[in-house]
Amino acid sequence: MMFYQKEIPQKYETDVFVAGGGAAGVTAAIAAARCGKRVFLAESTGCFGGVGTSGLVPAFAPFGDKVTLLAQGIGMEIRTQVSKDVPLEENWCPIRAEELKRTYDTMMTEAGVQFSFFTTLCDVLTCGDHIEGVVLCGKSGLFTVKAKQYIDCTGDGDLCAFGGGQFEMGDEEGDVMPATLCSLWSNIDFSRANPYQEIKLKDAVQDGIFTQPDLHLPGIQKAIEKKGIGGGNVGHVYGVNPTDELSLTQGMIQGRKIVPEYVKYYREYMKEGYEEIELISTASILGVRESRRIVCDYMLNVNDFLSRAVFEDEIGRYCYPVDIHPKNATAEEYEKFRKEYENLRYKPGESYGIPYRSLIASSFSNLLTAGRCMGTDRQMQASVRVMPGCFITGQAAGVAAAIACESGETRAVNIKELQKTLKETIHAYLPNA
């Protein structure tokens with residue numbers, strides 16, 4: 001143990017501080033800024049977007065329930081600037097990462113949000129249940145930021161955890177879903193390519209071409225079809241703890257090891273349309289599906305999914321299935337995944353409500369959360385974690401934080417005011433408000 005003491009300069013004082021610039025963080029920051037508040041956001045990488053950009057996740061999950069576009073508001077503004085040739089109703093819209101990066105840059109700048117890249121949250125200063133400030137690390141060294149309200153959009157619940165707040169993680173044994181190192185591919189003839197691969201995948205696994213017998217393969221999504229460019233969600237990286245840097249390091253190495261094995265699979269087993277496929281690159285960060293879940297005033301749960309829940313403090317609605325990937329590569333785990341995924345999904349027009357209470361961190365009076373680390377049980381986290389869900393919860397957290405600046409308390413936010421602002425200023429979809 002080493003004792004270390006140092007005076008740290010305060011670099012910013014603001015109304016709202018947002019940790020993390022992924023889908024949830026960006027929409028939270030823009031929403032708070034549009035409500036007239038000063039906002040500072042810290043992002044640890046060199047761009048906004050998280051797994052959608054740095055992580056090369058190939059597609060947006062559905063924005064709607066095949067009847068209604070649910071992720072309306074800032075998320076829809078973002079979507080209309082990316083892959084403009086793809087209809088808004090398309091269930092799995094390809095992500096052109098460079099378009100998405102520039103869109104985030106423009107929207108954040110135009111909203112007047114202060115932000116810095118290459119800036120990492122490393123500590124949280126608290127007094128009782130009140131967050132007094134955060135300690136950040138950038139190329140200039142350590143510095144602090146003081147705000148009235150804080151929003152944890154790290155995906156890993158870092159701000160809450162570093163402040164000593166309550167969280168849950170994983171299943172009964174503490175295991176989380178596997179990660180995936182997504183990738184970019186070229187020389188695919190999509191006009192001949194058949195995306196259905198289950199039978200051929202079983203043959204390839206039986207023939208031993210993979211170092212791990214992974215039967216779950218989401219596949220390669222069209223990115224730029226005319227150019228034969230695809231985005232790959234191939235190869236699970238099992239056993240990664242996303243809150244441990246050594247585990248993440250080993251996960252990156254493992255991911256880079258297994259992704260090239262799919263060149264042989266696509267060329268020799270899928271064949272048609274894939275004869276000349278080439279791996280261009282792998283992502284600079286792991287695609288983490290599951291991490292800490294912050295304990296909030298209400299933990300959205302699978303019964304809410306089953307009941308198509310409606311809440312008085314509803315801030316949005318969403319519809320994605322409960323998508324818990326197998327935690328290991330056994331056939332038994334894969335069959336368990338298939339059955340749960342098929343059973344926990346909706347018909348067109350069905351959705352569940354998301355309450356404001358699931359964004360209020362129970363351990364603090366001035367901390368909200370949004371995105372993957374919001375207050376849910378494990379099954380609901382597997383639904384709301386995708387980008388449209390992050391857009392919905394992020395913009396709500398941003399508006400709520402702006403309102404809470406007046407009283408200083410997240411629980412003092414007037415729900416009717418929150419819902420009205422979401423509908424009239426952000427143009428969110430709130431049919432029950």
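Analyst: The account below takes the sheet, then the loops beside its strands.

This is a predicted model, in which local features need pLDDT of at least 70 and side-chain atom pairs count only at pLDDT 80 or more, while totals for chains, interfaces and linings use all residues. Residues are numbered from 1 along each chain as its sequence is written, and side-chain values use heavy atoms, with hydrogens and water left out.

The open sheet consists of four strands in the order β12-β13-β11-β15, with antiparallel pairing. Strands here are DSSP runs of E with at least two residues, helices are runs of H or I with at least four, and both are numbered from the N terminus. Two strands count as paired if DSSP finds at least two bridges between them. The edges are held by β12 (219–224) and β15 (278–282); each has a single partner strand, so one side of each is left without a neighbour in the sheet. From one strand to the next, the twist averages 30 degrees; axes are lines fitted to C-alpha atoms, for helices over the stretch in contact, and angles run from 0 to 180 degrees between N-to-C directions. In general, strands of a sheet pair through backbone hydrogen bonds, either parallel or antiparallel.

Asparagine 187 belongs to the loop between β11 and α5 (198–207). Although asparagine 187 is not a glycine, its phi is positive, about 65 degrees. Its relative accessible area is 42%, so asparagine 187 is classed as partly exposed; buried means under 20% relative accessible area, exposed over 50%, and partly exposed in between, with a 1.4 Å probe and protein chains only.

On the β15 side, lysine 271 lies in the loop between α7 (261–270) and β15. Lysine 271, also a residue other than glycine, has a positive phi near 60 degrees. Because its relative accessibility is 46%, lysine 271 likewise counts as partly exposed.
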